[in-house]
Amino acid sequence: MAQKEFKVVLDGIKLSADAEKRIEKGIQSLVMQELAGYKPNPDGPVGGPIKVGPIPGRTFHIPIDWIGIIARDFNLKEAKQIFRF
Amino acid sequence: MKTEADNKTCPSSTCKEGALLLGVVQGDNTVALLTGTPLTVDKAFAEKAHEDGDPERRFRFANKCVQTGCKQWTGHSCGVITRLHEMNERIEADAQLKPCAIRNTCRWYAQEGDSACTICTYVVTNNLEEV
């Protein structure tokens, strides 16, 4: 997954501490505005519907419900029996 | 008197004003953690995020661990990460942990160490089916 960082370099400019705070707050606010409507991108490298499948380098892992927060790992044989694929 | 144990952060909290935005759930149901300066949820974010359904399906939020104020608290620890750790005991901790904005105070990390961080990115706070 590519890391995306947005930077503004103010070279040779000394801003007041208040101004720097306002800029920082403004950037954070903009990021939050954009993220608020975030949904997984179906065109992205890991987008699309959630599929049951092996996680590279991991055992078979499937989120299941348990008070809304749980995950469990299965081995491939178990998973094939349960999900019949 | 406050102790260090009183100041832990819950990495699987709900979307409300003042919480930190910890990560976003990706298409494969894993969580991409946000690093750098923690982003604090404000009223506008909370309202917009709720417009598209439960934000806890699409984001992960962090907030103060309230211990006995949470139904997941077992009396001495967080039952969520304990259970997750037991069910994923074959998962080995990543050799190099991903950057995390709250690791220093994270309740799960304090309890289970590095393996908590490996499990963490597979946890969606609300993965209940919508009916």
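These questions and answers look at how parts of this predicted model get their labels.

Q: What makes up chain B, and in what order?
A: Chain B has four helices and five strands. From the N terminus on, the elements run β-β-β-β-α-β-α-α-α. Of the 131 residues of chain B, 45% count as buried.

Q: Why is B:Glu17 called exposed?
A: Its relative accessibility is 56%. Exposed means over 50%. The value of B:Glu17 passes that mark, so B:Glu17 counts as exposed.

Q: Where does B:Glu17 lie, and which residues gather with B:Glu17 in a patch?
A: B:Glu17 is in the loop between β1 and β2 of chain B. On the surface, B:Glu17, B:Glu47, B:Glu51 and B:Asp52 gather in a patch.

Q: What makes that patch one of negative charge?
A: Its members are B:Glu17, B:Glu47, B:Glu51 and B:Asp52. Asp and Glu count as negative, so the patch is called negative.

Q: Why is A:Ile27 called partly exposed?
A: A:Ile27 has a relative accessible area of 47%. Buried needs under 20%, and exposed needs over 50%. The value of A:Ile27 falls in between, so A:Ile27 is partly exposed.

Q: Where is A:Ile27 placed, and which nonpolar patch includes A:Ile27?
A: A:Ile27 sits in helix α1 of chain A, residues 17-36. The patch is formed by A:Val8, A:Leu10, A:Ile13, A:Ile23, A:Ile27 and A:Val31. Together they have about 530 Å² of accessible area on the surface.

Q: Why is β1(B) described as largely enclosed by the rest of the structure?
A: Four of the five residues of β1(B) are buried. Buried means under 20% relative accessible area. With four of five buried, β1(B) is therefore largely enclosed.

Q: How do you know that β1 and β5 of chain B pair?
A: Three bridges join β1 (residues 9-13) to β5 (residues 59-64) in chain B. Pairing takes at least two bridges, so the two strands pair. They run antiparallel. B:Thr9 has B:Lys64 as its bridge partner in β5(B). For B:Cys10, the bridge partner in β5(B) is B:Asn63.

Q: What makes β2 and β5 of chain B a pair?
A: Four bridges link β2 (residues 20-25) of chain B with β5(B), in the antiparallel sense. At least two bridges are needed, so β2 and β5 count as paired. In β5(B), B:Phe59 is the bridge partner of B:Val24.

Note on methods. Residues numbered from 1 in each chain as written. Chains lettered and ligands numbered in written order. Predicted model: local features only at pLDDT ≥ 70, side-chain atom pairs only at ≥ 80, totals over all residues. Heavy atoms only, no water. Patch = residues over 30% accessible without salt bridge, like charges linked within 9 Å, V, L, I, M, F, W, Y side chains within 5 Å. Areas by Shrake-Rupley, 256 points an atom, 1.4 Å probe, with all protein chains shown as cover. Salt bridge = Lys/Arg side-chain N within 4 Å of Asp/Glu carboxyl O. Charge placed at Lys NZ, Arg CZ, Asp CG, Glu CD. Buried < 20%, exposed > 50% of the residue type's maximum accessible area, 1.4 Å probe, protein only.
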